[in-house]
Amino acid sequence: MGMSDAARGSEPVLSIAVQKSGRLSEKSLELIKSCGIDFYADSRVLKASASGFPLDFLFVRDDDIPQYVADGVADAGIVGRNEYDESGIELEVVRDLKFASCRLSIAVPHGFDYKDLHSLEGKRIATSYPRILGRILKENGVNAETVVVSGSVEITVEVGIADAIADLVSTGTTLKMNGLEEAECIYRSSAVMIARPDMKEEKKAVLTRLLERIDAVMLARHKKYILFNLPEDKLDDAARVIGGMKSPTVTPLMDEGWLSVQSAVDENRFWAVFEELRLLGAEGILVMNIEKMTE
Ligand code: ATP
Ligand code: ZN
């Protein structure tokens, strides 16, 4: 049995820094909401408190999140891995949250004969991520000049201050619009939860509770729940088709020779499973979204 909410009265409040407004904001808050944590978020204010869970929010610019966590202004934060790595601050990455995926890519103007990173030898490369780029160039033994710009990296070639760029890409449309071609991905990023490694035990326990909920939500996201009727003699075949973490739940039907079978199925395998079950004679297939789940 878990502790009742009243028994948790002395729990400390975990404060978490999230992006105030930008590509991470909505998904960060959505994830926490889907953990059953209620709060009122007003993007004009700096702080908010959750109800029913000991959590405070700090709404700030994403660039500032690693520093705030390091300084203890917040205990944890949700930030792009790129921002965290670029900050050079050492904290703990406690979860990869798998949203806001993007890549840091080298892009070059048409006509630039790009083969690999060595094609950048002696060139000027504009980027907002000099630390990450510098590390990668160094690892590959490439000497290039880094031109640091804080935004609109994609126009630097056109205006003549750089020969190539290293910028974040998710679809590549912005690059194309600026006459650039994505030449090579050099680094991948997605939103991560960072935390202070030296948190007090009681606070760490709150973070663990939050992470358990996040894991349950993330696990459920890629699964479907499937329920169907099946001729009894096809059960072994069906179990093999479904695969997965546990054997399916089987209930006899009133109809002689028929079973009702239910199981969770990986979303990316769903249609293959569906078709094979049909071939085995499954009927009345019912598919449901799973809201939360544990292993
Ligand atoms: P802030 O005002 O908080 O400083 P920002 O302009 O620096 O915001 P956003 O553009 O909102 O930041 O991007 C936040 C994060 O979203 C990036 O650091 C990156 O991890 C991720 N991201 C995902 N796709 C892209 C993309 N196509 N371009 C830039 N960032 C992306
Ligand atoms: Zn930023």
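In this predicted model, the axes of helix α7 (residues 235-242) and helix α8 (residues 270-279) approach within 9 Å and cross at roughly 170°. Angles over 145 degrees count as roughly antiparallel, and the two helices α7 and α8 are therefore roughly antiparallel to each other. The points below begin with this helix pair, continue with the ligand site, and then take up individual residues in loops and strands.

**Packing of α7 and α8**

- Two packed helices are described by the angle between their axes and by the distance between those axes.
- Helix α7 contributes Ala238, Val241 and Ile242 to the contact, while helix α8 contributes Val273, Glu276 and Leu277.
- Sorted by class, the residues of this contact comprise five nonpolar, no polar and one charged.
- Leu277 belongs to helix α8, and with a relative accessibility of 0% it counts as buried, because the limit for that class is under 20%.
- Apart from neighbours within four places in sequence, Leu277 is in contact with Ile226, Phe228, Ala238, Val241, Ala282 and Ile285.
- Of these partners, Ala238 and Val241 are also listed on the α7 side of the helix contact.

**Surroundings of ligand 1**

- Ligand 1 is surrounded by 15 residues, of which the closest are Arg23, Asp62, Asp63, Asn82 and Ser170.
- In Asn82, a polar atom of the side chain is found 2.6 Å from an oxygen atom of ligand 1.
- In Gln19, an N or O atom of the side chain is 2.8 Å from an oxygen atom of the ligand.
- Arg23 approaches through its backbone: one of its backbone N or O atoms lies 2.8 Å from an oxygen atom of ligand 1.

**Buried residues in loops**

- Asp42 is situated in the loop that runs between β2 (38-39) and β3 (47-51).
- The relative accessibility of Asp42 is 15%, so this residue counts as buried.
- A polar atom of the Asp42 side chain lies 2.9 Å from the backbone nitrogen of Arg44.
- Gly172 occupies the loop between β10 and α5 (173-177), and its relative accessible area of 10% means that it is buried.
- Gly172 and Ser105 are separated by 67 residues in sequence, and their C-alpha atoms are 9.7 Å apart in space.

**Non-glycine residues with positive phi**

- Lys98, a residue other than glycine, has a positive phi near 65°.
- The position of Lys98 is in the loop between β6 (92-96) and β7 (102-109), where its relative accessible area of 58% makes it exposed.
- Ser152 likewise is not a glycine and has a positive phi, of about 45°.
- With a relative accessible area of 44%, Ser152 is partly exposed.

- Trp258 is placed in strand β15 (residues 258-266), and its relative accessible area of 23% makes it partly exposed.
- Leaving out neighbours within four places in sequence, the contacts of Trp258 are with Asn229, Leu230, Pro231, Glu232, Pro252, Leu253, Gly281 and Glu283.
- Among these partners of Trp258 are Asn229, Leu230 and Pro231, and strand β13 covers residues 223-231.
- Between Trp258 and Ile37, 221 residues apart along the chain, the C-alpha separation is 42 Å.
- Lys234 lies in the loop between β13 (223-231) and α7.
- A relative accessible area of 26% makes Lys234 partly exposed.
- Computed along the sequence Lys234 and Val69 are 165 residues apart, and from C-alpha to C-alpha they are 55 Å apart in space.

Note on methods: Residues numbered from 1 in each chain as written. Chains lettered and ligands numbered in written order. Predicted model: local features only at pLDDT ≥ 70, side-chain atom pairs only at ≥ 80, totals over all residues. Heavy atoms only, no water. Axes fitted to C-alpha atoms, helices over the stretch in contact; angles between N-to-C directions. Helix = DSSP H or I, 4+ residues; strand = E, 2+ residues; numbered from the N terminus. Parallel < 35°, antiparallel > 145°, perpendicular 65-115°, else oblique. Contact = heavy atoms within 4.5 Å. Nonpolar A, V, L, I, M, F, W, Y, C, P; charged D, E, K, R; others polar. Buried < 20%, exposed > 50% of the residue type's maximum accessible area, 1.4 Å probe, protein only. Polar contact = N/O pair within 3.5 Å; in protein donor to acceptor, adjacent residues only side chain to side chain. Near = heavy atom within 4 Å.
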